[in-house]
Amino acid sequence: MLPGALQHDALSRARRTSHAAVGVIRTDRLLLRPARPDDLLPLHSIFSDTGAMRYWSHPAHEDLEPTRRFLEGFMTEDAKNRFEYIVEFDGTCIGKAGMWARPEIGYILHPDHWGKGFAYEALSAVLPRIFERHEDLEHLTAECDPRNAASVKLLEKLGFRQTGLIEKNFLYGETEWCDTAYFRLDRPN
């Protein structure tokens, strides 16, 4: 059973609150929209922050080029495998959320916006849309470092359940072996 935010009624509410343009979702506080070139510097402020990147797939970006490559990939259409949004608050890009590699979701916010419920708000709007757009998708997955307690709590609040844990299977940077917790969210009935 999905939490109330992800049940079928929530999808109807998300449709009512969405912007008329395809690919844009409005929530109470956020605008979820496709990426655009002017997101480069706000995204770089996230991807160059060591705190934000602590549990990401690689350490913080030391220069702008990796962020530029990320944004170019983000802006490249791949409707079969990706369904991602920029998370915008008060007119500023504060992160990203969505399905980045079918069926895996991912999200990241600038640390200035942690602990305010923005990730939950964004994903509560995006997850039903993913299932609606990808009718053949039976489940979504997520991976995270189990030390990232806030992310584990968020995934559980969204209805994901942990399906596995592998110790020391991920090399972060050049020297730190980390564990990976695996999560799954089945398609709602």
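Which residue in the hairpin of S7 and S8 takes a positive phi? Select Gly173: its phi is near 70°, and the hairpin has three residues between the strands. Before moving on, keep in mind that this is a predicted model, where local features need pLDDT of at least 70 and side-chain atom pairs count only at pLDDT 80 or more, while totals for chains, interfaces and linings use all residues. Numbering starts from 1 along each chain as its sequence is written, and side-chain values use heavy atoms, with hydrogens and water left out.

**The hairpin strands**

Now show residues 161-172 (S7) and 176-186 (S8): the two strands run antiparallel and are joined by eight bridges. (Strands pair if DSSP finds at least two bridges between them; strands are DSSP runs of E with at least two residues, helices are runs of H or I with at least four, and both are numbered from the N terminus.) Click Arg161 and look across to S8, where Arg184 is its bridge partner.

**Helix H3**

Next, select residues 64-75. This is H3, twelve residues that reach 16 Å from first C-alpha to last, close to the 16 Å expected at 1.5 Å a residue (the expected span is 1.5 Å times one less than the number of residues).

**A buried arginine**

Jump to strand S2 (residues 30-33) and pick Arg33. Is Arg33 buried or exposed? Buried, because its relative accessibility is 4%. Its side chain makes a polar contact of 2.6 Å with that of Asp39 (N or O atoms within 3.5 Å, one able to donate a hydrogen and the other to accept it; residues adjacent in sequence count only if both atoms are side-chain atoms). Leaving aside residues up to four places away in sequence, Arg33 also touches others, including Tyr85, Glu88 and Cys93 (contact means heavy atoms within 4.5 Å).

**Zoom out**

Finally, show the whole chain: five helices and eight strands, with 43% of its 189 residues buried.

How values were computed. Buried means under 20% relative accessible area, exposed over 50%, partly exposed in between (1.4 Å probe, protein chains only).
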